[in-house]
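Hello,

Please find the structure you asked for below. My notes on it follow.

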Amino acid sequence: MIVEMKDDKQNMIVFQEIYGSSPLKKDYFRKSDGQLLVVDRSPKYTSVSQFFRSVFLPQGYPESVSEDYVAYQVWDTVQAFASSITSTMAAQAILKGVGVGDETATVLAATMTWLLKDGTGMLGRIVFAWMQGTNLDCDAKRWRLFADILNDFAIFLEILAPNFPRHYFTPIVCIAGVCKSVVGVAGGATRAALTQHQARRNNMADVSAKDGSQETLVNLAALICNLVLVPMVTGHQFIIWMLYLVFTAVHLYANYSAVTSVVMETLNQARLHILLQSYFKSAEIPSISNVNKQEPVIFAIKRKIAIKLGSSISYVCKKMHDLDVLESIYRQGRYMLALNRQKDCVYIVLHEDSTVTDQMQSLVQAEVIEYVANNLQDKQNLSVEMQEIAAGFLEDNIHKILQVSYKLVAMVPSLLHQMELQGWDTQRALFGADEWRAHWDFTHGLEKKKDF
C-alpha cells in the first residue's frame, strides 16, 4: 500500500493498491466534498482473466509457487489428456471382455471377474506401499515416471485381454489391476511430494486443490474427445492400437519432460552424489539446476560402492577386531562407517542422537571413498589425502581407508556453507535412512541397558 501526497488537496491520491502480482490496480482519491473516489486502473478484460486465474491457479501465483510450477503443470496437463484417451479405450476393452454385448456371457461371470480384478489390485496396493513407501519421498521424480510407465503397461494389458480366451482374460486383467493399484500408490504419494516442493507459502492444500481443478478440466476435455472418438474406433482394432501407440508416446514424452523440469533444492542421495562427485573434481559447487538435470529419472544412480544408511551394527561388526577399528576412528562421532570390500558396500551406523548434518557427514565420507574407487587408475584427479585412500585400496587396508576418509569430513561445515550460498536447502534432506539407531560410549561404557 502506497500513500502519495500532492499539493492539489482537491484531487489527492491517498491510496494505491494492487492485488498480488496481478494487473488489478486501484487508486483512491480524496474529493473536495470529503468523499473517497475509487478509480479502477486495471487493464481491460482483467476481471475475466483474473477469474480463471483464481479458479485454476493457487492464490498468490506466481510468488506462492516454485519457479518450475508452470513447466511442470503444462506437461502434466498434456500427459493427463493423453492418459484419459487411452484409459477410455482400455475401459471399453474390459467391458467387452467381461461380456457386454455377448449374449452367452453371464452376470455372475462378469461380477466374479470384476471382484478378482479389484481384490488383486487391493493386495498389490498394500504390498507395494509396504515395500517401497519410504523410497517414494526420496526419489519422487523417478517413482513418478515409473508410475506412468506402469500405467501405460496396464492399459496395454487391458486392451489386449479381450483377444484371449475367457480363461486367460481374468488373469490378464488381474495383473493389470495390480499394476494400476501400484500406479495409484506411487502416483499419489509422489504427487504429494512434488506438491510440497511447489508450495512456497505453506499452501500445500491450495496447490493440491488447484492441481485437482486443472486435472478435472483436462479430463472433461478428454471426455468430449472420447465421445467423438469411441463411436469411430469401435470394432476397428487397428485404429485402436494406432491411437494407443500415438497417445502413449505423447504420454511418456510429456511425463519425462514434466519430471525433468522439476528443480528441487532439497538433497537426496542421488543429487548429493552428483554434487559431491563434481565438487571433488572441480572444487566448485554445481548449481541446483545442473544437478537436477543430471539426476536420473528412469534408473537408479550407478555406484561402484553401494551405501546402506542406517544399518544395524550386526552388518558392521562380525568380531571384536572390527569394533576396535571403529572405536579408534569414531570414538567421538555420531555415526560409524564400515567398508565391505567383498560386497563393495558401505554400511553406516547412526547414533540415536544423530542429525541431518551427521547423516550428511557420513555420506560425504562414503562419497569420498566412492570417488577414490572410481579414480584408482587416474590419480591425477585425487588430492594428497585421497591418494592415501587409494593406497589403502591397493594395500587392502580398510583401517587406512576409513581413517583418512574420516579426516576429510572436516570439510563439511565449509561445504554446507557453499551449498547454502548456491540456494541448496541443507536443513532438510531425503536420504532414505533405515531406522536402526545405536547408542555407544567407548570412554565409560554402558553400565545399564539403554531404553530406546
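V228 is found in helix 6, residues 204–233 (helices, H or I with at least four residues, and strands, E with at least two, are DSSP runs numbered from the N terminus). V228 counts as exposed because its relative accessibility is 51% (exposed means over 50% relative accessible area, buried under 20%, partly exposed in between, with a 1.4 Å probe and protein chains only). Together with L217, L220, L223, I224, L227 and M232, V228 forms a nonpolar patch on the surface, with about 700 Å² of accessible area in total. Patch residues have over 30% relative accessible area and no salt bridge, and nonpolar side chains are joined within 5 Å (like charges within 9 Å). A salt bridge is a side-chain nitrogen of Lys or Arg within 4 Å of a carboxyl oxygen of Asp or Glu. Areas come from the Shrake-Rupley method with a 1.4 Å probe.

This is a predicted model, in which local features need pLDDT of at least 70 and side-chain atom pairs count only at pLDDT 80 or more, while totals for chains, interfaces and linings use all residues. Residues are numbered from 1 along each chain as its sequence is written, and side-chain values use heavy atoms, leaving out hydrogens and water.

The largest nonpolar core has 59 residues, and L337, I348, M360, F393 and M419 have the most contacts inside it. Such a core is a set of buried Ala, Val, Leu, Ile, Met, Phe, Trp, Tyr and Cys residues joined through side-chain atoms within 4.5 Å. Helix 11 (residues 356–374) gives the most to this core, with nine residues. Apart from it lies another core, of 20 residues, including V98 and C179. Beyond its neighbours within four places in sequence, L337 is in contact (heavy atoms within 4.5 Å) with residues including V346, I348 and L402.

Strand 5 (residues 306–309) has I307 and L309 on its covered face, and A306 and K308 on the uncovered one. Strand 5 runs parallel to strand 7 (residues 345–350), and four bridges join them (strands pair if DSSP finds at least two bridges between them). V346 in strand 7 is the bridge partner of I307. I307 is also among the contacts of Q269, as are L309 and L363. Q269 is in helix 8 (residues 269–282) and is buried, because its relative accessible area is 18%.

Lastly, some backbone details. The peptide bond from Y61 to P62 is cis, with omega near 5°. N202 is not a glycine but has a positive phi, near 55°.

Regards
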